Amino acid sequence: MMPIGPLMIEHRLIERMIDVMREELNLFEKEKKLNLEFLEMAVDFIRTYADRCHHGKEEDILFRELGEKKLKDDHRHIMEELIEDHRWGRKMTARLVEANKRYIAGEENAMSIAIDCMKSLIQFYPKHIEKEDKHFFIPCMEYFSETEQQSILREEWEFDRNLIHEKYKNMVVAVEKELTSRTL
Ligand SMILES: [Fe+2]
Ligand SMILES: [Fe+2]
């Protein structure tokens with residue numbers, strides 16, 4: 001398998017989640033209320049799977065290795081754009097989390113902010129994925145030898161293997177900090 005194989009498989013799951021988010025968004029608008037349980041799950045999916053697991057492998061492994069190569073100008077330009085897209089996605093997700101909190105606190109315009117964030121994310125992901133699938137991933141494989149491709153793929157598997165440990169270690173560190181600040 002090429003190192004873009006796992007990334008393209010992950011794109012398909014992200015697309016499925018975006019389809020569900022689109023349907024949920026229609027319901028939010030129809031019922032004039034947010035489904036906070038769904039939003040919490042969607043935010044976890046975006047942060048843990050789409051951003052940390054997926055964008056993490058792109059940025060920390062594939063793009064890092066591409067950065068070592070003499071890329072054609074258009075490829076370098078797309079790679080910079082993709083990194084910027086990831087940053088934008090993080091900011092929009094943080095805005096959605098903030099809006100959800102304000103909604104829980106009863107702030108009047110929080111629902112429309114949350115809906116706008118959802119709409120932005122729903123529009124963003126398919127475009128970002130198309131850019132990678134159709135204009136970047138395949139041509140970029142030509143910069144790597146077969147051996148380099150296999151080494152990148154191995155590093156991707158290793159990245160995934162460590163991820164669940166990283167997620168829950170961070171969770172324990174966060175609750176420990178919270179506990180310490182409460183008992184001080
Ligand atoms: Fe990406
Ligand atoms: Fe991607």
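This is a predicted model: local features need pLDDT of at least 70, side-chain atom pairs count only at pLDDT 80 or more; totals for chains, interfaces and linings use all residues.
**Exercise 1.** Describe the secondary structure of the protein and the extent of its C-alpha trace.

*Solution.* Begin with the count of elements, which comes to 6 helices and 0 strands. Reading along the sequence then gives the pattern α-α-α-α-α-α. Finally, taken along its principal axes, the C-alpha trace of the protein spans about 55 × 45 × 25 Å.

**Exercise 2.** Compare the reach of helix 1 with the value expected for it, and state what follows this helix.

*Solution.* Helix 1 covers residues 4-31, that is, 28 residues. From its first C-alpha to its last, helix 1 reaches 40 Å, which is close to the 40 Å expected at 1.5 Å a residue. The residue that follows helix 1 is K32, and the phi of K32 is positive, near 55°.

**Exercise 3.** Determine how helix 2 is oriented relative to helix 3, and relative to helix 4.

*Solution.* Take helix 3 to start with: the axes of helix 2 and helix 3 come within 11 Å and cross at roughly 160°. Because angles over 145 degrees count as roughly antiparallel, helix 2 is roughly antiparallel to helix 3. The crossing in which helix 2 passes helix 3 is left-handed, and the contact of helix 2 with helix 3 has, by class, 14 nonpolar, 5 polar and 6 charged residues.

Turn next to helix 4 (residues 110-135), which packs with helix 2 at an angle of about 30°, their axes being 14 Å apart. Because angles under 35 degrees count as roughly parallel, helix 2 is roughly parallel to helix 4. The crossing of helix 2 and helix 4 is left-handed.

**Exercise 4.** Identify the residues and elements that line the largest pocket, and sort the lining by class.

*Solution.* The largest pocket has a volume of about 210 Å³, and its lining is made up of L36, L39, E40, V43, D44, R47, T48, V97, N100, K101 and I104. The elements giving two or more residues to this lining are helix 2 (36-67) and helix 3 (73-104). Of the elements, helix 2 supplies the largest share of the lining, namely 7 residues. Sorted by class, the lining of the largest pocket divides into 5 nonpolar, 2 polar and 4 charged residues.

Notes
Residues are numbered from 1 along each chain as its sequence is written. Chains are lettered from A and ligands numbered from 1 in the order in which they are written. Side-chain values use heavy atoms; hydrogens and water are left out. On a 1 Å grid over the protein atoms alone, a cavity is a set of points where a 1.4 Å probe fits but cannot get out, and a pocket is an open set with protein on both sides within 12 Å along at least five of seven lines; lining residues have an atom within 4 Å of a point. Grid points are joined across faces, edges and corners, and a volume is the space filled by probe spheres set on the points. Helices (H or I, at least four residues) and strands (E, at least two) are DSSP runs, numbered from the N terminus. Ala, Val, Leu, Ile, Met, Phe, Trp, Tyr, Cys and Pro count as nonpolar, Asp, Glu, Lys and Arg as charged, and the others, Gly among them, as polar. Axes are lines fitted to C-alpha atoms, for helices over the stretch in contact, and angles run from 0 to 180 degrees between N-to-C directions. Angles under 35 degrees count as roughly parallel, over 145 as roughly antiparallel, 65 to 115 as roughly perpendicular and the rest as oblique. A crossing is left-handed if the near helix is turned anticlockwise from the far one by less than a right angle, and right-handed if clockwise. The expected span of a helix is 1.5 Å times one less than its number of residues.
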